[in-house]
Amino acid sequence: MDRRIVSFAELNALDFEISDLFAMTQKWQRGVVFSRSNPRPSTGIIYLNGCTGQYTAESGESFFAGAGSLICLPAFSRYQVLNIDCELSRPDAWLVEFNIIQNDALLTPGDAPFPLDRADAALAGEYIAAAAGAYEAPLPSPLALKSAVWRLIALLSQSARRSERDKYQPILRGAALMKEHALTDTPIEEIARLCGLSAGCFRKLFREYSGQSPMQYRMALRMAAAKRLLEDSDMTLDEIAAALNLESGAYFCRLFRNQCGQSPGAYRRQYRR
């Protein structure tokens, strides 16, 4: 079966099935190291109720997870967990496992363990505890187990989608500013400042969000404006260049050919044919 890495935010827009459901209540032992030397057969979500641990991925990257943490353990990942602390009077953790399948492909949210948003942890913990209760009951309830897992995945995917929107909100403002001032050469540094970001961070997030750099986006806006002028006016190339804040008609001609694959004159004739 093919394997694809798909974030929880992306799951929000996909149609998929879940299989191989399992859930359990865990008791940890202080100072013990659990080692996952073989690839995980399914994705796990664990809620640390009364314990703490240090997770170390196969790559060597490590993070501490305190009580109340929610951890994703992706399918195929390898890692170690050092059990630092645990409770005597209550369950240390609840774990649920499942596989996400779409069109004969196994979807996994990553390739190494990672912490999930603590804002979702308490409610997610309730869903995982409910799944464990349904699985471990004297008369197990597959329906209750599946219901709890679906609610968990929905919570995580919708939350991740909101976080993604929040992350890129400054970029949406920056794109709007660039569109508003598409025909000027406002420095990217100034646009980033207006968005509350450093220029480097703005460029990085802009490329993540749009797949292109801010300068490429600005150029696409200018070429769209150029096409409208070629389609709807009889302006000369020098006049269009001036309207686009470019140095000359000859430069505009070279730029248009490079960006659009044909000369401005050819585009105008083709459009008006």
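How many disulfides does the structure hold? The count is 0. A disulfide here is a pair of cysteine sulfur atoms within 2.5 Å.

Before the tour, two notes. This is a predicted model, in which local features need pLDDT of at least 70, side-chain atom pairs count only at pLDDT 80 or more, and totals for chains, interfaces and linings use all residues. Residues are numbered from 1 along each chain as its sequence is written, and side-chain values use heavy atoms, with hydrogens and water left out.

**Stop 1**

Select Cys72 and Cys51. Cys72 is in no disulfide, and its nearest cysteine sulfur, that of Cys51, is 17 Å away. Cys72 has a relative accessible area of 0%, so it is buried. Buried means under 20% relative accessible area, exposed means over 50%, and partly exposed lies in between, using a 1.4 Å probe and protein chains only.

**Stop 2: helix 2 against helix 3**

Select residues 121-136 for helix 2 and residues 142-180 for helix 3. Helices are DSSP runs of H or I with at least four residues, strands are runs of E with at least two, and both are numbered from the N terminus. The two axes come within 8 Å and cross at roughly 160°. Axes are lines fitted to C-alpha atoms, for helices over the stretch in contact, and angles run from 0 to 180 degrees between N-to-C directions.

Helix 2 and helix 3 are therefore roughly antiparallel. Angles under 35 degrees count as roughly parallel, over 145 as roughly antiparallel, 65 to 115 as roughly perpendicular and the rest as oblique. Helix 2 passes helix 3 in a left-handed crossing. Left-handed means that the near helix is turned anticlockwise from the far one by less than a right angle; clockwise is right-handed.

Show side chains next. On helix 2, the contact includes Leu123, Tyr127, Ile128 and Tyr135. On helix 3, Leu145, Arg151, Leu152 and Leu155 are among the partners. Contact means heavy atoms within 4.5 Å. The residues of this contact divide into 13 nonpolar, no polar and 1 charged. Ala, Val, Leu, Ile, Met, Phe, Trp, Tyr, Cys and Pro count as nonpolar, Asp, Glu, Lys and Arg as charged, and the others, Gly among them, as polar.

**Stop 3: helix 3 against helix 6**

The axes of helix 3 and helix 6 come within 10 Å and cross at roughly 40°. The two helices are therefore oblique to each other. Helix 3 passes helix 6 in a right-handed crossing. Ala175, Met178 and Lys179 of helix 3 meet Pro214, Tyr217, Arg218 and Leu221 of helix 6. This contact has 5 nonpolar, no polar and 2 charged residues.

Ala220 is partly exposed, at 39% relative accessibility. Its C-alpha is 8.3 Å from that of Gln259, 39 residues apart along the chain.

**Stop 4: two positive phi angles**

Most residues other than glycine have a negative phi. Select Asp104, in the loop between strand 9 (93-102) and strand 10 (105-108). Its phi is positive, near 65°. Asp104 is exposed, at 64% relative accessibility.

Finish at Asn245, in the loop between helix 7 (237-243) and helix 8 (249-260). Asn245 has a positive phi of about 65°. Its relative accessible area is 40%, so Asn245 counts as partly exposed.
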